[in-house]
Amino acid sequence: MADAMIARGVISREPNQPGVIEEFHIPAPGPQEVRVRILASGVCHTDLSAKNGVFGTDYFPFLLGHEGSAIVESVGEGVTNVAEGDYVILAWRAPCGECRFCQVGKPHLCAASLNAKQKMITHDGIDLTPILGIGTFCTHTLVHCKQCIPIAEGLPPEQMSLIGCGVMTGIGAALYSAGVQPGQSVAVVGCGGVGDSVIMGAKLAGATTIIGVDIDPRKLEWAKGFGATHTVNPKEEDAVARIKEITGGFGVNASFEAVGNTDALNTAIWCRDLAGTCVIIGVADRTKTIEFSVASFFDLGGQLRSSWYGDCLPTRDFPMLAAWYSQGRLDLDAIVTKVITLEEAEEAFHAMERGETLRSVIRL
Ligand SMILES: [Zn+2]
Ligand SMILES: [Zn+2]
């Protein structure tokens, strides 16, 4: 039976203020809508950016969180892909099937991704903006049914939640955005949760040289654990020169910027071999720019491109990553640095800023 309910979640009312746990109202699921009970939610950098006003001030108040695993609790009219009791990972890309990209067979670029139509509302009557159309730092949330991707029962909710954003983004960037091939060389600039997922993706794709680049020695150690064959610390040496040295003087076939800063991007652009691909994953500050010699860029060839959500298709890729995890091919246990409560979400942002965690995961 579909019914309205009061849930609890971390809500950010204004920029640069701590998120606070509040009660909010979830309407009864309408057509194609689903209410889920959140099991676990990763704390991703995008939540921090939204909270800090990076996406503008128009959308406050935010219901934080967008990386979650959940149980389907109540379904609206016309929902056929999931049923009550299903174990799901929530996706912030749910291709519409009708936009100009979906129509030409490129649903991973969907420009009208599906979200719940109805609004969730604060206890004092204001429309909430769930981050990336989901909102997972909460007991329950309302989503479009196509945002629910069913996975096999019995897999741990903490690890599965990470597939919903960071892990998928990193692995997809390696497999799909760069299309890493067996025997290739790769450099990953920024070895946090997403960068380490790129490293895992490159390893799964059969790359033979995987270079982790970070200014934090602790992160370089973690990177080795995920499959980096070499590490470079730009604080200690010229990163581009060292990457070329490791790759026989040539540079890498594919490079990844997973930090969101311009020094990291410069390293990623110039550490490539001829015709190499540079993939931007990190979201930079709106005010940041880089300059480069167009002729030098032309001479190097290849491409510079962005990767949104690792060019993934959640219906295809979430069950695949869950299977790889259960087969021991994807070390998601090592990404879960800390399991915390909803009350500890705010502190998790600080731990992230201090670089102490790959991922804190809220367990509901
Ligand atoms: Zn579409
Ligand atoms: Zn995210």
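**Helix α9 and beyond**

Author: Helices here are DSSP runs of H or I, at least four residues, and strands are E runs of at least two, numbered from the N terminus. This is a predicted model: local features need pLDDT of at least 70, side-chain atom pairs count only at pLDDT 80 or more, and totals for chains, interfaces and linings use all residues. Residues are numbered from 1 along each chain as written, chains are lettered from A and ligands numbered from 1 in the order written, and side-chain values use heavy atoms, without hydrogens and water.

Reader: How many residues does α9 have, and how far does it reach?

Author: α9 has 13 residues and reaches 18 Å from first C-alpha to last, close to the 18 Å expected at 1.5 Å a residue. The expected span is 1.5 Å times one less than the number of residues.

Reader: Which residues of α9 are buried?

Author: Pro314, Asp317, Phe318, Leu321, Ala322, Trp324 and Tyr325. Buried means under 20% relative accessible area, exposed over 50%, partly exposed in between (1.4 Å probe, protein chains only).

Reader: Where do they sit around the axis of α9?

Author: The buried residues of α9 fall within an arc of 160° seen down the axis, so they line one face. The arc is taken from the directions from the helix axis to the C-beta atoms. Thr315 and Ser326 are exposed, on the face turned away from the buried side.

Reader: What covers the buried residues of α9?

Author: The cover includes β6 (87-90), β10 (148-150), α2 (157-163), α3 (166-177) and α4 (193-205). Contact means heavy atoms within 4.5 Å.

Reader: Back to Asp317. Why does Asp317 count as buried?

Author: Because its relative accessibility is 0%. Leaving aside neighbours within four places in sequence, Asp317 is in contact with Met168, Tyr176 and Cys312.

Reader: New topic, the metal. What coordinates the zinc ion (ligand 2)?

Author: Cys44 (SG), His66 (NE2) and Cys165 (SG) coordinate the zinc ion, at 2.1 to 2.2 Å. Donors are N, O and S atoms within 2.8 Å of the metal (3.2 Å for Na, K and Ca); water is not among the atoms, so sites may look incomplete.

Reader: How are the donor residues spaced in sequence?

Author: As C-x21-H-x98-C. Cys44 lies in the loop between β3 (33-42) and α1 (45-51), and Cys165 in the loop between α2 and α3, 121 residues apart.

Reader: Are Cys44 and Cys165 buried or exposed?

Author: Both Cys44 and Cys165 are buried.
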